[in-house]
Amino acid sequence: MMKIKNKKSLIISIILIIFGVSSLVGSILISRNFNICYINSEEDVYKIKDNLDGYYVLNSKIEITKPWIPIGTEEKPFTGHIEGNNKSIILNGGYDLNYANSLHDDNFLNLGFLGVNKGTVIHLNIKDSGIENFAWSSLENKFNLNYGIISAVNKGYITGCKTAAAPININSNIDLANIGGICGVNNHQIQGCSCVSAFNVTTNCQSNVAAICGLQESSGVAKYCYRTGSLALNLGPNSNSALCVGLCKGGEINNIGLSSNNEKPVELNLTSETYSAGALIGKVDLTDNLTISNIVADISLTSEKCLNSFGFICGE
């Protein structure tokens with residue numbers, strides 16, 4: 001049995017140890033707080049491009065009035081952290097046409113609040129009102145398109161975000177389009193997100209379209225997401241569409257809720273001649289394993305023309 005000869009000395013030592021640990025933790029927190037950038041204005045949002053590895057906190061609702069240039073590219077992705085505080089950024093200025101004509105990754109035009117995300121975005125609400133007026137016919141070259149309201153391409157974490165968008169009408173200069181209410185292409189993780197408004201998309205090209213992500217790669221994970229608004233889609237030949245993932249190459253999809261807030265079925269309205277459509281996934285084209293679990297759906301399908309294939313889980 002150990003005997004303590006000097007209790008007073010022991011108590012003082014313990015207090016000093018606790019004080020030292022507290023000071024260390026405090027120093028870490030002070031250091032981290034020192035690097036936080038608070039977003040209070042439109043100009044503050046533009047400054048995110050100057051430090052792609054920064055830690056940002058949105059303090060208020062902000063409207064973007066100028067033509068937007070997405071944050072992050074394949075060469076220089078966004079690798080920082082955005083805490084949205086459940087507040088909104090509204091993209092009202094459309095997209096910068098000079099950017100679209102001068103900068104693209106592997107012949108893909110990436111449009112969205114973020115171009116390529118390799119960081120973390122949480123509790124951020126984005127409404128894209130400007131996409132409706134984008135001048136597709138003014139593009140100088142033909143592109144493939146990745147469009148997502150949060151990020152065109154996701155290679156990081158998108159969590160607890162909500163989105164809405166004006167109708168999208170692509171009528172020229174796009175050969176292939178991956179379009180999603182959260183991201184165009186998902187290479188990593190989307191969790192607890194929802195595209196809450198009606199999602200209306202018209203294209204004249206092959207398209208992968210869904211309310212969460214247009215294309216999910218084999219490394220992608222979509223979980224605890226939900227869809228409450230309707231989808232109205234009129235897509236080009238050989239397109240794939242669904243409420244969750246348009247074209248899925250693998251990964252994980254679980255705990256997905258597809259139902260409306262007012263107890264009515266979610267509507268999926270299709271007007272294309274050739275289709276692979278599903279409540280959850282439009283088409284499965286596996287390059288790796290795919291895990292699906294815990295799906296709840298209440299949908300209403302309307303098709304003005306014949307579908308190539310339709311299924312509750314996936315169309316094909």
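Start with the open sheet: seven strands in the order β5-β8-β13-β18-β23-β27-β31, with parallel pairing. Strands here are DSSP E runs of at least two residues, numbered from the N terminus, and two of them pair if DSSP finds at least two bridges between them. Select β5 (108-111) and β31 (309-311): these are the edges, each with a single partner strand, so one side of each has no neighbour in the sheet. From one strand to the next, the twist averages 10°, taking axes as lines fitted to C-alpha atoms and angles from 0 to 180 degrees between N-to-C directions.

A word on ground rules: this is a predicted model, where local features need pLDDT of at least 70 and side-chain atom pairs count only at pLDDT 80 or more, while totals for chains, interfaces and linings use all residues. Residues are numbered from 1 along each chain as its sequence is written, and side-chain values use heavy atoms, leaving out hydrogens and water.

Pick S276 and you'll find S309 of β31 opposite.

Next, click S241, in strand β23 (residues 239-242). Is S241 buried or exposed? It counts as buried, at 0% relative accessibility; the cut-offs are under 20% relative accessible area for buried, over 50% for exposed and partly exposed in between, with a 1.4 Å probe and protein chains only. Its contacts (heavy atoms within 4.5 Å) include S276, A277 and G278, not counting residues up to four places away in sequence.

Now hop to β9 (residues 151-154). Strand β6 (residues 114-117) runs parallel to β9, joined by three bridges, and N117 stands opposite N154. β9 also pairs in the parallel sense with β14 (residues 183-186), again over three bridges; there, S151 has C183 as its bridge partner.

Last stop, the cysteines. A search of the whole structure finds zero disulfides, meaning pairs of cysteine sulfurs within 2.5 Å. For C225, the nearest cysteine sulfur is that of C193, 5.1 Å away; C225 is buried at 2%. C314 is partly exposed at 26%, and its sulfur lies 9.1 Å from the closest one, in C248, too far for a bond.

Methods:
Helix = DSSP H or I, 4+ residues; strand = E, 2+ residues; numbered from the N terminus.
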